[in-house]
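Please find below my notes on the model under review.

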Amino acid sequence: MTIIDSPTAIGSGSAATDNFKGERFTADTSPERLSAMASEALAGFSALIQKFGVTYDEYRVLKQWLIEVGEGGEWPLLLDVFVEHEIEDVNSRKFKGTKGSIEGPYYLPGAPELSSPATLPMRPEDRKQTPFIMRGQVTDLEGEPLAGSTIELWHADAEGYYSGFAPHIPDWNLRGTIVTDREGRYELTTIAPAPYQIPTDGPTGQFIEAAGWHPWRPAHLHLRVSAENQHPIITQLYFAGGEWLDSDVASATKPELLLNPHTDDCGRNVVRYDFTLDPLDA
Ligand SMILES: [Fe+2]
């Protein structure tokens, strides 16, 4: 029997927080805009407290829990699961190309570059899974092929764990940057990821359990598609008929992002998916 060190929430949480803290972000928010947004957020809290008659016990538990979210490194997880989908929605309305979805906390820049057709780095145990082959083309809004565009792909293994965050998985496993050919075409071989629960042993998971919600995300691939002079897309692709599609804990599914693979003569699961990018000045 193989004993695997299951990744803990604190382990993957700290990795996600350290990864995010590597860069210093700024926003040109005016004092007026900041004041208006903060006032509305506080008014929302006040209304909620009045409506539910929030008790001192509940207030103290909230403070304690917020401290634990920070200490457990789970702010990226908590915000990406419950808030990012709304940010993505607001910021993608103007685009006409392929639909975006949330990035989530498990992206790592600099995945190994692979020319098409590509096979993602994988372990012997990953190779025991049914091969999953995705091919297609990257074009601009006019349908012109985007040669040399890149598809960064990262996804969980068949047990729902990500390399770079789960200590038992080698770096860059099931991650890669695929470069399209002269016609903007790509082909990649990987395995189908499994649905996974967001970490349940930390404060985010404890909150979900206390509220009687479920922590599952449907099986998905994460992608970031980029090309010169085009607006990059960050998105996720899901599998038609898969579990949890209608109740994704991160509310990040969209009907346009469903894959419907078929089985080819060699028993492999194969699907085509094309990406369309908006121009940078959209
Ligand atoms: Fe994910």
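1. A residue counts as buried when its relative accessible area is under 20%, and as exposed when that area is over 50%. The structure discussed here is a predicted model. Tyrosine 196, at 8% relative accessibility, is therefore buried. Tyrosine 162 is also buried, with a relative accessible area of 3%.

2. Both tyrosines take part in the metal site. The iron ion has as protein donors Tyr162 (OH), Tyr196 (OH), His220 (NE2) and His222 (NE2), at 1.9 to 2.1 Å. Along the sequence these donor residues follow the spacing Y-x33-Y-x23-H-x1-H. The tyrosine pair links distant parts of the chain, 34 residues apart: tyrosine 162 lies in the loop between strand 4 (150–155) and strand 5 (175–179), whereas tyrosine 196 belongs to strand 7 (residues 196–197).

3. Why is the arrangement of the four donor atoms around the iron ion irregular? The angles that they subtend run from 90 to 161 degrees, whereas a tetrahedral assignment requires all angles to lie between 85 and 135 degrees.

4. As to the fold, the protein chain comprises seven helices and 14 strands. Its radius of gyration is 20 Å, close to the 19 Å that the globule rule gives for 282 residues, so the chain is as compact as a globular protein of that length. Along the principal axes, the C-alpha atoms fill a box of roughly 65 × 55 × 35 Å.

5. Of the 282 residues in the protein chain, 42% count as buried. Among contacts with a separation of 6 or more, 74% come from residues 24 or more positions apart. The protein chain exposes about 16,000 Å², of which carbon and sulfur atoms supply 53%.

Key. Residues are numbered from 1 along each chain as its sequence is written. This is a predicted model: local features need pLDDT of at least 70, side-chain atom pairs count only at pLDDT 80 or more; totals for chains, interfaces and linings use all residues. Side-chain values use heavy atoms; hydrogens and water are left out. Donors are N, O and S atoms within 2.8 Å of the metal (3.2 Å for Na, K and Ca); water is not among the atoms, so sites may look incomplete. Four donors count as tetrahedral if all angles lie between 85 and 135 degrees; four count as square planar and six as octahedral if opposite donors are over 155 degrees apart and all others between 65 and 115; anything else is irregular. Helices (H or I, at least four residues) and strands (E, at least two) are DSSP runs, numbered from the N terminus. Buried means under 20% relative accessible area, exposed over 50%, partly exposed in between (1.4 Å probe, protein chains only). The radius of gyration is taken over C-alpha atoms; the globule rule is 2.2 Å times the number of residues to the power 0.38. Contact means heavy atoms within 4.5 Å. Accessible areas come from the Shrake-Rupley method with a 1.4 Å probe; for residues, only the protein chains shown count as cover.
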